[in-house]
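Let's work through some charged pairs, one exercise at a time. Grab your viewer and try each task before you read its solution.

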Amino acid sequence: MGRAFEYRKATKLKRWGNMARVFTKLGKQITIAVKEGGPDPDTNPRLRVLAQQAKKENMPKENVERAIKKATSKDFTDYKEMNYEGYGPFGIAIFVETATDNTTRTVANVRSYFNKHGGSLGTSGSLEFLFDHKCVFHVVKKEGVSLEDLELELIDFGVDEVEEDEGDIILYGEFSQNSAIQKYLEENGFEINSAEFVRIPNDVKDVTPDQRETLNKLLDKLEEDEDVQNVFHNMKMEEEE
């Protein structure tokens, strides 16, 4: 099994926290997608996948409609997608992705979380090299399709890992090839359950149980912030029970 799959296996139980967190995150992503590509799913591939993902997560239809409407409202000031990078205690690299309508508030909050928990916020781009930026598609497995054949077919589209889990096929590919992979999947009749972007650490650092507890306090604080979309780090995951 590859590094991407092991990363996913270790993090899948700690996805986005509670249901409200899922809906908030998806709502922002839908608003951003509509702002960038318009409100018609037929002509907006990103919105198309997000709408399907919202359905899979049992997100109420009115929440989806509200997120779409927000993007087309004259009063909406737009979300800016900002990344923040820093080191937590014990030299653990932390990469924070946000979507915010107030960058001053967001950077102040993120900096305060790092400072209060023994870390420090670094300069933009300073830690990006420590992570591989990937797109991840969860698709429904089709009858008669082998993972080996699918992987061979998708290598040319930037996919470098294909795994199966609980009836889903999970594809990991280069971030820049996201659109090409989605186009292939749709044109070949695959039902896409979700698509997301992740940053997988090139190398992981082991920590003691006490250190992990300290680091988790910082990570939890970051993830609880309503402006934060994703938090990635290079702390070695706990082994699943």
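**Exercise 1.** Find how the side chains of E97 and R199 meet, and say where the two residues sit.

*Solution.* Start with the distance: E97 and R199 form a salt bridge at 2.7 Å, N to O. The term takes a side-chain nitrogen of Lys or Arg within 4 Å of a carboxyl oxygen of Asp or Glu. Strands here are DSSP runs of E with at least two residues, numbered from the N terminus. Finally, check accessibility: both E97 and R199 are buried. Buried means under 20% relative accessible area, exposed over 50%, and partly exposed in between (1.4 Å probe, protein chains only).

A word on the model: it's predicted, so local features need pLDDT of at least 70 and side-chain atom pairs pLDDT 80 or more, while totals for chains, interfaces and linings use all residues. Residues are numbered from 1 along each chain as its sequence is written, and side-chain values use heavy atoms, without hydrogens and water.

**Exercise 2.** Work out what K134 and D160 tie together.

*Solution.* First, their side chains meet in a salt bridge of 2.5 Å, N to O. K134 belongs to strand β4 (residues 131–140) and D160 to strand β5 (residues 159–165), so the pair ties together parts 26 residues apart in sequence. Then compare accessibility: K134 is buried at 9%, whereas D160 is partly exposed at 37%.

**Exercise 3.** Which residues are linked with R105 in a network of salt bridges?

*Solution.* Begin with D101, whose closest contact with R105 is 3.0 Å between N and O. The network links K28, D101, R105 and D227.

Key: Helices (H or I, at least four residues) and strands (E, at least two) are DSSP runs, numbered from the N terminus.
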